[in-house]
Amino acid sequence: MENQTKDSSINEEKVTSKLDSMGKEDMDQVLSNFQHFKGYLADKVSKGEKLGLSEDVMATAAKKTADYLADNEEPRNREEYLLNQLWNVSNEEEKKHFSHILVKLAQDEK
């Protein structure tokens with residue numbers, strides 16, 4: 001369990017660093033439409049699976065990403081607006097479940 005926690009915190013730091021280092025143009029491309037967003041998530045989940053990350057670790061990264069987007073980006077389409085609204089009204093436990101759903105959404109996209 002300690003190793004999973006360690007992996008999770010390392011992953012969170014990488015997620016934050018990656019999001020902070022994304023240029024505006026790259027972020028605009030990912031968020032330009034919902035299909036691009038799902039494709040971006042699918043690519044990251046696929047890479048996580050190849051690295052042997054557990055679903056819990058990937059869901060933690062998805063939560064960190066969703067928190068970042070909710071705090072720093074305005075929704076750019078109806079789907080993002082809905083996700084943003086759902087995220088903002090969710091408590092921490094619901095966000096944890098929602099993060100797992102985002103991982104499953106990305107896995108289904110592959």
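Contact is defined here as heavy atoms within 4.5 Å. The structure is a predicted model, in which local features need pLDDT of at least 70, side-chain atom pairs count only at pLDDT 80 or more, and totals for chains, interfaces and linings use all residues. Residues are numbered from 1 along each chain as its sequence is written, and side-chain values use heavy atoms, with hydrogens and water left out.

Helices (DSSP runs of H or I, at least four residues) are numbered from the N terminus. Helix 6 comprises 18 residues, 92-109, and spans 26 Å from its first C-alpha to its last, close to the 26 Å expected; the expected span is 1.5 Å times one less than the number of residues. At the start of this helix, a side-chain oxygen of Asn91 lies within 3.1 Å of the backbone nitrogen of Glu93. The buried residues of helix 6 are Lys95, Phe98, Ser99, His100, Leu102, Val103 and Ala106, where buried denotes under 20% relative accessible area (1.4 Å probe, protein chains only). The cover over these buried residues includes helix 3 (34-50), helix 4 (55-72) and helix 5 (78-89).

Helix 4 also has 18 residues; the distance from its first C-alpha to its last is 25 Å, close to the expected 26 Å. Among the residues buried in helix 4 are Ala59, Lys63, Ala66 and Leu69.

A volume is the space filled by probe spheres set on the points, which are joined across faces, edges and corners. Two cavities of 30 Å³ or more were found by this rule. The largest cavity holds about 260 Å³. It is lined by 17 residues, of which Phe37, Ala66, Leu69, Leu83 and Asn84 are the closest to its centre. Helix 3, helix 4, helix 5 and helix 6 each give two or more residues to this lining, and the largest share, five residues, comes from helix 4.

The second largest pocket has a volume of about 190 Å³. Of its 10 lining residues, Asp56, Ala59, Thr60, Lys63 and Lys96 are the closest to the centre. Helix 4 and helix 6 are the elements that give two or more residues to this lining, with the largest share, six residues, coming from helix 4.

Notes
Buried < 20%, exposed > 50% of the residue type's maximum accessible area, 1.4 Å probe, protein only. Polar contact = N/O pair within 3.5 Å; in protein donor to acceptor, adjacent residues only side chain to side chain. 1 Å grid on protein atoms, 1.4 Å probe; cavity = no way out; pocket = protein on both sides within 12 Å on 5 of 7 lines; lining within 4 Å.
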